[in-house]
Amino acid sequence: MPSFQPLCRILLLSLLSVAGCLMESGAATPERDVAQRAAMWAARGDVVPCRTLYDSIAALRPEVRDSLLPPHVALFCRLAFARAEGDGSRVAGIADSLETQYENRFDVRGLLALADVRLDALYSGGRWEDLEQYCRNRLQWCARRNIKASRRKVFRQYLAVATENNDKPPVGIHWRSDSFSVPISRDWPLLIPVSAGGGHPLPFMLHSGQRHTLVSEADLREWGIPLPATAPVDIEVGGRMVKAYPVVIDSLHIGEMTLSHIPLFVVDKEVEAPYNRSVGTDILRRFPLCVITDDLLTVWRTALPQEAEAICTAATENSGCRTVPMFLTTAGHIAVADGSTASTLVNTAMPTLADTDSIGVPCRALPEFKSYGCCALDFENHRMLLAGKREFHPMRVADYIARNDLFALLRNEAALLLTATPEEAEAMNRVLGEALTPPPADTLEPALQQALVGAGVPGPGRTAVSILLNTPEGLLFQEQQGQHLLTRKLDASNIAGHRIDLDHMLLY
């Protein structure tokens with residue numbers, strides 16, 4: 001499916017021509033200018049100024065409001081807001097209104113672009129029955145309009161996807177706790193562990209510039225999930241169109257949260273690391289509150305304003321906490337309001353500050369998050385909270401080795417490999433290989449020997465909670481305390497209740 005930005009350009013041209021037809025020919029009037037600006041901002045996904053303009057007009061008398069923003073332009077604005085808020089049901093409803101009530105306001109290209117927006121909303125929400133019915137209706141519509149066969153192919157592809165999954169329920173979210181933390185890489189890219197079914201966790205990038213969550217073909221094989229049998233569709237990744245296979249994962253795990261029957265896209269070698277493992281905004285926006293620190297990404301089930309502020313304040317000695325209005329744009333980036341009409345973008349997938357996106361708006365890339373002691377993305381209340389401004393210094397392999405911070409080196413291994421020189425990669429593999437080599441069992445003190453798990457079987461109901469490292473100081477493990485990870489030595493004083501799997505250097 002084509003991405004929303006190219007589609008919006010088509011819709012924009014259609015809407016602007018309609019706005020022009022509403023006015024008398026000749027010089028542009030203020031009313032026409034307002035409609036054009038609103039349509040342009042909505043199409044570009046620049047929801048901050050569009051929202052300000054829309055709210056100011058919505059408060060006026062109906063006759064004045066409709067003269068400034070014709071109903072179909074107002075609906076298009078609300079469509080952009082719904083997409084930025086991640087409300088798939090509202091997106092589908094508004095697209096339906098535009099298609100059924102204002103069909104004569106759009107040309108064929110605009111209507112097909114609206115159809116793609118609706119397909120995206122229905123697919124991402126796992127609304128298979130609605131998706132199947134919609135595809136059948138649009139195919140009939142294409143036949144009446146003599147739409148070329150190549151364009152009907154998109155509806156046939158999604159019809160096949162809907163038919164294959166019509167026995168599955170919509171996307172579900174199961175929280176095992178009100179909040180949870182997962183390790184996160186310190187520098188670009190921001191990587192967190194993600195797993196599916198009973199498979200091992202793999203490092204996935206937080207990608208606020210990607211609408212869809214992506215997984216590679218190799219990842220599916222690693223998790224023991226068969227490749228989808230459906231035909232690939234076109235999606236945008238990194239500013240270009242690529243082929244991707246729609247797939248529905250029965251259970252995707254991020255920390256203490258499980259997404260059930262979640263639709264993703266499978267990409268092949270055409271998409272390179274780290275972008276081929278991306279947690280896009282289709283999942284990120286399901287996190288009411290995300291808190292990013294040096295070591296951890298903490299996700300909260302609810303995002304009460306006072307709780308978000310307390311979290312940020314507690315993460316730094318500075319008692320102040322700066323709150324910035326925030327929206328997700330239709331392109332997936334996080335738009336941060338610097339003033340009443342201006343906005344910049346935050347893109348977690350960019351390694352440097354010197355970045356501009358495709359529409360020329362400067363991005364605050366990764367250092368925007370990491371240059372604060374704590375950064376909270378409050379998706380529920382559309383705010384970003386920043387606390388504890390500080391200098392941010394990227395780390396390389398030699399820095400971790402010099403500090404003897406082996407847990408941090410291990411946690412950042414996948415990210416470091418993307419930018420490491422061959423010599424750095426060799427040094428990292430050597431150091432981690434030594435640290436992950438099991439010590440002889442007979443060299444352990446008796447209490448630790450009694451805690452050993454035979455043949456890697458931890459026993460019923462036990463799950464791995466940590467990784468052990470073998471160092472000259474002894475067996476070390478990490479535990480979480482608040483917003484930080486602390487390294488501890490495993491000895492007779494803290495072995496109670498734990499089991500040790502030396503074969504895999506895991507603690508249960």
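Me: Why does H212 count as buried?
Reply: H212 has 7% relative accessibility, and buried means under 20% relative accessible area, with exposed over 50% and partly exposed in between (1.4 Å probe, protein chains only). H212 therefore counts as buried. The model is predicted: local features need pLDDT of at least 70, side-chain atom pairs count only at pLDDT 80 or more, and totals for chains, interfaces and linings use all residues. Residues are numbered from 1 along each chain as its sequence is written, and side-chain values use heavy atoms, leaving out hydrogens and water.

Me: What makes the pairing of the H212 and D120 side chains a polar contact?
Reply: The two side chains are 2.9 Å apart in this contact. A polar contact is a pair of N or O atoms within 3.5 Å; within protein, one must be able to donate a hydrogen and the other to accept it, and residues adjacent in sequence count only if both atoms are side-chain atoms. The value of 2.9 Å for H212 and D120 therefore meets the distance limit.

Me: Why is α8 called roughly antiparallel to α9?
Reply: Helix α8 (residues 128-145) and helix α9 (residues 149-164) pack at an angle of about 155°, their axes 9 Å apart. Angles under 35 degrees count as roughly parallel, over 145 as roughly antiparallel, 65 to 115 as roughly perpendicular and the rest as oblique. The angle therefore makes α8 roughly antiparallel to α9.

Me: How much of the chain is buried?
Reply: Of the 508 residues in the chain, 54% are buried.

Notes: Axes fitted to C-alpha atoms, helices over the stretch in contact; angles between N-to-C directions. Helix = DSSP H or I, 4+ residues; strand = E, 2+ residues; numbered from the N terminus.
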